[in-house]
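Here is a walk through one protein chain, written for someone who would rather look at residues than at tables. Keep the viewer open as you read.

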Amino acid sequence: MTDHPAVPSGKPTSYSRVTLSRIMTAVDVNLYGTVHGGVLMKFVDDVAGAAAARHSGGTAVTASIDEIVFSEPVRVGDLVHAHAQVNWTGQTSMEVGVRVVAERWDSAEEEPVRVATAYLVFVGVDVGGAPRPVRPVLPETPEDERRFREAEIRRAHRLARRRAIQAHRAD
């Protein structure tokens, strides 16, 4: 007998996909007149958390933000969409990829502009806050397979960095 409940059956990548949208307003602006990066970071964390909770079937908490890249500024009036999906799963953790695009308020007929991308790690937790097993993600397309493999590379780098820092501190 084990102390952990059985791992639920896997779910396809598409099951976890979530999109959140909002119009950016004057309260979101930084000193430079564009939307503050922190506003976008919270938006990214919100959509990633929704994808992680949907996939894992319960509470999931942010363990780390592996990377966030801001590629274009966001302006007041832009309609911003954050798209998230679970790229990879371990026993209790998940990597969620997020793509943020903006529809410019003054050129709404043009294609949305990619403004940010991010990778976050979430951990499924039980009611007591302890890590719990999460169901496997089942990649459906070649793109999903690519994301899964790249997520494994990012995980290996995170673990190697942690080991290197711990070894350095032990010296």
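What follows goes from the whole chain down to single residues.

## Ground rules

This is a predicted model, where local features need pLDDT of at least 70, side-chain atom pairs count only at pLDDT 80 or more, and totals for chains, interfaces and linings use all residues. Residues are numbered from 1 along each chain as its sequence is written, and side-chain values use heavy atoms, with hydrogens and water left out.

## The whole chain

The chain has 3 helices and 7 strands; helices (H or I, at least four residues) and strands (E, at least two) are DSSP runs, numbered from the N terminus. Going along the sequence, the order is β-α-β-α-β-β-β-β-β-α. The C-alpha atoms fill a box of roughly 60 × 45 × 35 Å, taken along the principal axes.

Of the 171 residues, 35% are buried. Here, buried means under 20% relative accessible area, exposed means over 50%, and partly exposed is in between (1.4 Å probe, protein chains only). The accessible surface comes to about 9900 Å², with 55% of it belonging to carbon and sulfur atoms; areas come from the Shrake-Rupley method with a 1.4 Å probe, and for residues only the protein chains shown count as cover. Among contacts (heavy atoms within 4.5 Å) with a separation of 6 or more, 73% are between residues 24 or more positions apart.

## Strand β4 and its partners

Strand β2 (residues 18-23) pairs with β4 in the antiparallel sense over 6 bridges, where pairing takes at least two bridges found by DSSP between two strands. If you want a spot to look at, T19 has H83 in β4 as its bridge partner.

β4 also runs antiparallel to strand β5 (residues 93-103), with 10 bridges joining them. V80 stands opposite A102 in β5.

## A buried serine

S16 sits in helix α1 (residues 13-16). Is S16 buried or exposed? S16 is buried, at a relative accessible area of 0%. A polar atom of the S16 side chain lies 3.0 Å from the backbone oxygen of T13. Beyond neighbours within four places in sequence, S16 is in contact with A51, R54, H55, A84, Q85 and V86.

## Salt bridges

A search of the whole structure turns up 10 salt bridges, each a side-chain nitrogen of Lys or Arg within 4 Å of a carboxyl oxygen of Asp or Glu. Side chains of opposite charge can pair when their charged atoms come close. One of the bridges links R154 and E95, with the closest N and O atoms 2.8 Å apart. R154 lies in helix α3 (residues 142-170) and E95 in strand β5, so the pair ties together parts that are 59 residues apart in sequence. R154 is buried, with a relative accessible area of 16%, and E95 is buried too, at 1%.

R147 and E143 meet at 3.4 Å, N to O, and lie 4 residues apart, about one turn of the helix. R147 is partly exposed at 26% relative accessibility, and E143 is partly exposed at 35%. E150 pairs with R146, the closest N and O atoms being 2.7 Å apart. E150 and R146 are 4 residues apart in helix α3, so about one helical turn separates them. Salt bridges that share partners join E143, R146, R147 and E150 into one network.

## Out on the surface

M41, I65 and F70 form a nonpolar surface patch, with about 250 Å² of accessible area together. Patches are made of residues with over 30% relative accessible area and no salt bridge, with like charges joined within 9 Å and nonpolar side chains (Val, Leu, Ile, Met, Phe, Trp, Tyr) within 5 Å. F70 belongs to strand β3 (residues 60-70) and is partly exposed, with a relative accessible area of 40%.

P131 is in the loop between β6 (113-124) and β7 (137-138). P131 is partly exposed, at 48% relative accessible area. Leaving out neighbours within four places in sequence, P131 is in contact with T92, V123, G124 and V125. P131 and E152, 21 residues apart in sequence, are 20 Å apart in space, C-alpha to C-alpha.

Definitions and conventions. A polar contact is a pair of N or O atoms within 3.5 Å; within protein, one must be able to donate a hydrogen and the other to accept it, and residues adjacent in sequence count only if both atoms are side-chain atoms.
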